[in-house]
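User: I have a structure open and would like to learn how to read its side-chain contacts and chain interfaces. Could you take me through them?

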Amino acid sequence: MPKVEFERERCKGCELCVSVCPTKIIFMDEKINQKGYKVATVQEMDKCIGCAMCARMCPDTVIKVYK
Amino acid sequence: MAKQLMKGNEAIGEAAIQAGCRYFFGYPITPQNEVPEYMSRRLPEVGGVFLQAESEVAAINMVYGAAGAGDRVMTSSSSPGISLKQEGISYIAGSELPCLIINIIRGGPGLGGIQPAQSDYFQATKGGGHGDYHLFVFAPASVQEMVDLIMESFDIADYYRNPVMILGDGTLGQMMEPVEFKAPKKRDLPPKDWATTGCAGRERNVINSLSLVAENLEKHNHKLQEKYRHMKENEQRWELYKTDDAELVLVAYGTTARIVKSVVNKLRDQGIKAGLLRPITIFPFPEKAFALLPDTVKAFLAVEMSAGQMVEDVRLAVDGKCPVHFCGRTGGIIPAPAEIIKVATEIMGGERK
Amino acid sequence: MKLVFERPSALTDKQTHYCPGCTHGIIHRLVAEAIDELGVREKAIGVASVGCSVLAYEYFNCDMQQAAHGRAPAVATGIKRVHPDKVVFTYQGDGDLASIGMAEIVHAAARGEKITVIFVNNTIYGMTGGQMAPTSLVGQKTTTSPYGRQPDHCGYPIRMSELLSTVQGAVSVARVSVHDVPNIIKAKKAIKKAFETQLSGAGFSIVEVLSTCPTNWGKTPLEALKWLEENMIPYYPLGEYRTPEEVK
């Protein structure tokens, strides 16, 4: 079952991944990281289709994708 | 190799090739054009690369790249072109890259003239670019000496990982003299394991002079200053001519020093005990030579093809022990012996006001 | 389940200093992916320019040299002439390449230097705080064109890809964008093709990548992508301006 992993401490909260996720499952977690950014997060991992759109759009290589 | 009659500028090229230089990046500017012209013919013959850049700014940055890639590389230019290269030279010194830079000085400032001059002394020795750095600077006085120093320069550059400059002038570049190419005494040189050659089988290398953390930049500066201290300690070179009993010591380098030798002889004919102190390295300035002079010395006379630049270093070296006078010509005019003799005689005849 | 997407090995794991949403980060990754896929990381020597990407030598995991502002193509020339078998690339912004470094890029192209230039065009000087660049659009407000760029005062933005496509030695010239995923995928192809042009020895290759600057455009990262699409692409049309096939 496809899944994504977010390296919390690398995220800068730019939200580009949120805008491109086709299943709209990425949201900004209120719990900020050490840099003080809200972190992109996925909870409904079962809806992830492993398309890697988020990872391609991410400027900071935060996201690993498994399929 | 037997002696051969060669033009200074061409001898520069051949000496560099004999010393293993295989890359030349330059740009046309009188009076050093024969250097790139010669290299464009010769380098391909030895598997090297000659490239005429779009400007001296581009040329010095090509030198930066090639030096950082780990090979022996040089450029040559004349005063205005050397001004354009100053930023690049500061980067080369900051990144600790070895290379050779030839300056065949012409009259300045501005577009100036194309005749010989020595008015780039400050630029060469006090750092024409930004930051605390120094070039290792030789001032040859003959085509043979220029050849010998160039052949040694690449080892010195590699040894110190620092740019070396040959300060010539229009006469040295344009005149022909017999030369032979003798290998210099060998220095043991560390391998260039810092060069960017592709990181196969090792950690990656980075050639860089940027250091945004002030403490690191200061540490780097201390390292560079240690290098210059080492040069001052071990690399000062000079020639003393008839100074054993001298009362007036003339100080001159390069072409001017040759004229001053005949002045010394003539002054001695007139009963004035004159001698010549000729710096061969002008960075590190040969302060040690001054300590060797006898107590008979009453005054110094610096003679330059400029409005007086090296004279300041002479004053620093003499450190107030006795007066230091200056005479010189600018605009590309070579001082004639007669006018130097006149000044020297006045100095020794009575105190110059 | 297999790992299908991760940071390419040609990037170090150092976190970049770029502003949130700045697409420099995407372009870095695309260059690194191309280097990985071509298997040339150990043969690659990159040249970082001066601008926001001045710290690129900390991000590309291969031998790097730091060039003075505008001089990367000259530094790269020196490297490539010493190591013709290595893969030499520069990574430059629009201030670096199209302003102070204009002579260096035009002549590197004219000489057909077998190097690959990654030219990031975000129409502004980012590192120094948002000044007008040679690529700033007509009417674009910057800290040095506070009333909007006025052509009769300081001319029109320079179209580098079109300009360089008239230069014989530039065998591969393309302009791409990274404002959405389909274009990111196309951008990667173009970057890989540019490196392949170098590997084939055909000559000089450059990819102009339209990029955003949220901070100095005064926009959110998402608004910046939209601004790029609606304002930059009409003036800087995407596409291949010269391809090695044409040259053959």
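Analyst: We will go through salt bridges, aromatic pairs, charges over rings and then the chain contacts. This is a predicted model, in which local features need pLDDT of at least 70 and side-chain atom pairs count only at pLDDT 80 or more, while totals for chains, interfaces and linings use all residues. Residues are numbered from 1 along each chain as its sequence is written, chains are lettered from A and ligands numbered from 1 in the order in which they are written, and side-chain values use heavy atoms, with hydrogens and water left out.

User: Happy to start with salt bridges. How many does the structure hold over all chains?

Analyst: A salt bridge is a side-chain nitrogen of Lys or Arg within 4 Å of a carboxyl oxygen of Asp or Glu. By that rule there are 45 salt bridges over all chains. One of them pairs B:Asp148 with B:Lys182, at 3.8 Å from N to O. B:Asp148 belongs to helix α7 (residues 143-160) of chain B and B:Lys182 to the loop between β8 (176-179) and β9 (206-207), so this pair ties together parts 34 residues apart in sequence. Helices (H or I, at least four residues) and strands (E, at least two) are DSSP runs, numbered from the N terminus.

User: Are B:Asp148 and B:Lys182 buried or exposed, or something in between?

Analyst: Buried means under 20% relative accessible area, exposed means over 50%, and partly exposed is in between (1.4 Å probe, protein chains only). B:Asp148 is partly exposed at 24%, and B:Lys182 is partly exposed at 42%.

User: Which residue of helix α7 does B:Lys192 pair with?

Analyst: That is B:Asp158, whose side chain meets B:Lys192 in a salt bridge of 3.0 Å, N to O. B:Asp158 lies in helix α7 of chain B and B:Lys192 in the loop between β8 and β9, so here too parts 34 residues apart in sequence are tied together. B:Asp158 is buried at 11% relative accessible area, while B:Lys192 is partly exposed at 23%.

User: How do I read the aromatic pairs?

Analyst: Rings of Phe, Tyr and Trp (its six-membered ring) pair if their centres lie within 6.5 Å; planes under 30 degrees apart count as stacked, over 60 as edge-to-face and the rest as tilted. The structure has 15 such pairs over all chains. B:Tyr121 and B:Phe122 have ring centres 6.4 Å apart and planes at 65°, so they are edge-to-face. B:Tyr121 is buried at 0%, whereas B:Phe122 is partly exposed at 27%. In chain C, the rings of C:Phe60 and C:Phe89 have centres 5.4 Å apart and planes at 85°, so that pair is edge-to-face. C:Phe60 comes from the loop between β2 (44-48) and β3 (63-66) and C:Phe89 from strand β4 (residues 87-93), so the pair ties together parts 29 residues apart in sequence.

User: Where does a charge sit over a ring?

Analyst: The rule asks for NZ of Lys or CZ of Arg within 6 Å of the ring centre and within 35 degrees of the ring normal. The charged end of A:Lys3 sits over the ring of A:Tyr66, 4.6 Å from its centre. B:Lys261 does this with B:Tyr241, at 5.3 Å.

User: Finally, which residues and contacts make up the interface of chains A and C?

Analyst: Contact means heavy atoms within 4.5 Å, and this one takes 28 residues from chain A and 30 residues from chain C. About 2,300 Å² is buried between them, with carbon and sulfur atoms giving 64%; buried area is the accessible area (1.4 Å probe) that two parts lose on being put together, summed over both. The rule finds one salt bridge across this interface: C:Arg7 with A:Glu7, closest N and O atoms 3.1 Å apart. Chains A and B have no contact, their closest C-alpha atoms being 20 Å apart.
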